[in-house]
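Please keep the sequence and the coordinates open alongside the text.

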Amino acid sequence: MGNTGIVSPGRRRGSTARRAAISALALIGACLLSLTATQTVSGQPTANTSDTGFAIPFAGAPAYEHVAPPRMTSPEQLNRPLGQSLADTIAGRIGLDRADALSEQQYRDLSTGGGVGGSREAAEVIVACVEILTNTVGRPVYSEVNGQRTPSVLAGYGLYVNPGGLLESPANADAPTRQVNALIAPGGYVGTWLRENGAVRTLAALYRSAYTVQAAYGFAAQQISGTAQLVTNTKDGVRTEVGMSMAPPLWIVNFALIYILNPALAAEMPAYWAPIPSQVAAAITASPTGQVPFGDYATYFQ
């Protein structure tokens with residue numbers, strides 16, 4: 001980890017801050033693709049007045065939709081990371097600042113299973129979630145594909161290849177970014193760790209940010225997206241598909257959560273979204289598990 005200029009752990013600031021922090025137990029929403037919504041959604045996605053091509057609820061809150069990555073317009077933009085300057089600008093637009101992030105020591109402890117009540121097993125899930133969501137140029141994910149260790153870089157598509165070589169949305173039930181639910185449940189590991197390790201201020205800041213309203217849209221979006229967990233974009237009469245992690249509300253939620261973990265990691269998130277090749281999107285949608293062998297479709301991403 002490089003020096004992110006983060007302040008030292010904040011003090012506990014009374015019952016109000018604690019309640020707000022506890023309400024924001026989704027810290028590891030670096031994996032918030034693992035949403036388990038309590039809201040219900042009826043009918044189909046509805047159109048909005050935005051020109052991004054996403055419909056409600058996949059567009060998220062109108063005030064923040066344009067904060068999320070735009071569609072790529074040139075090949076060199078594919079899977080490109082934000083960079084630190086843009087990441088800091090986005091953080092400001094959604095109500096966060098570097099001073100809201102965990103200290104370097106807190107992040108190191110959380111990501112290695114250290115600190116008070118730390119768990120190495122939980123830390124491995126957290127790290128895997130961040131790796132999936134920052135799978136951009138220079139940060140490949142390695143998987144076993146047809147008996148060979150194979151790199152892939154697919155975050156801009158909202159996809160990733162699991163360790164066994166299956167291509168899927170990060171919101172797939174198989175993914176660490178979904179399985180983290182047990183860790184972020186109220187009273188679970190993450191909430192306990194944060195309270196015991198001086199991170200109440202960080203959680204309170206997260207709760208005050210755009211994370212809160214965008215999470216509600218994310219809950220709704222994932223709830224109506226079936227097994228495949230892909231999102232439809234329709235712009236200028238052209239219909240394309242992208243993985244759930246690149247839909248505006250989910251991208252912003254995950255950005256906020258990764259930023260409070262470590263701003264330098266948030267800078268590695270994708271700066272643009274890319275349409276999934278239509279043959280690949282159709283195969284994922286048709287699959288009963290929302291997964292397809294990456295080896296069978298890798299050429300579509302070259």
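What percentage of the contacts in the protein chain with a separation of 6 or more is accounted for by residues 24 or more positions apart? Such residues account for 74% of those contacts, where contact means heavy atoms within 4.5 Å.

The model is a predicted one, in which local features need pLDDT of at least 70 and side-chain atom pairs count only at pLDDT 80 or more, whereas totals for chains, interfaces and linings use all residues. Residues are numbered from 1 along each chain as its sequence is written, and side-chain values use heavy atoms, with hydrogens and water left out.

**Overall content**

The protein chain holds 13 helices and seven strands; helices (H or I, at least four residues) and strands (E, at least two) are DSSP runs, numbered from the N terminus. Of its 302 residues, 53% are buried, a term that stands for under 20% relative accessible area, with exposed meaning over 50% and partly exposed the range in between (1.4 Å probe, protein chains only).

**Helix contacts**

The axes of helix 2 and helix 10 (residues 248–261) come within 11 Å and cross at roughly 105°; axes are lines fitted to C-alpha atoms, for helices over the stretch in contact, and angles run from 0 to 180 degrees between N-to-C directions. Helix 2 is therefore roughly perpendicular to helix 10, the word covering angles of 65 to 115 degrees, while under 35 counts as roughly parallel, over 145 as roughly antiparallel and the rest as oblique. Ala-87, Asp-88, Ile-90 and Ala-91 of helix 2 make this contact with Trp-251, Phe-255 and Tyr-259 of helix 10.

Helix 3 (residues 104–112) and helix 4 (residues 120–133) have axes that come within 6 Å and cross at roughly 105°, so helix 3 is roughly perpendicular to helix 4. Here Leu-110, Ser-111 and Thr-112 in helix 3 meet Arg-120, Ala-123, Ile-126 and Val-127 in helix 4.

**Strands, turns and backbone geometry**

Strand 5 and strand 6 run antiparallel and are joined by six bridges, where two strands pair if DSSP finds at least two bridges between them. Val-231 stands opposite Val-242 in strand 6, and the two strands form a hairpin with two residues between them.

Most residues other than glycine have a negative phi, and most peptide bonds are trans. Asp-236, in the loop between strand 5 (230–235) and strand 6 (238–243), has a positive phi of about 55° although it is not a glycine, and Asp-236 is exposed at a relative accessible area of 72%. Asn-146, likewise not a glycine, has a positive phi of about 50°; Asn-146 sits in the loop between strand 1 (141–145) and strand 2 (148–152) and counts as exposed at 69% relative accessibility. A cis peptide bond, with omega about 10°, joins Ile-56 and Pro-57, and Pro-57 has its place in the loop between helix 1 (15–23) and helix 2 (84–93).

**A buried threonine**

Thr-177 lies in helix 5 (residues 176–179) and is buried, with a relative accessible area of 0%. The side chain of Thr-177 reaches the backbone oxygen of Pro-170 at 2.4 Å.

Conventions:
A polar contact is a pair of N or O atoms within 3.5 Å; within protein, one must be able to donate a hydrogen and the other to accept it, and residues adjacent in sequence count only if both atoms are side-chain atoms.
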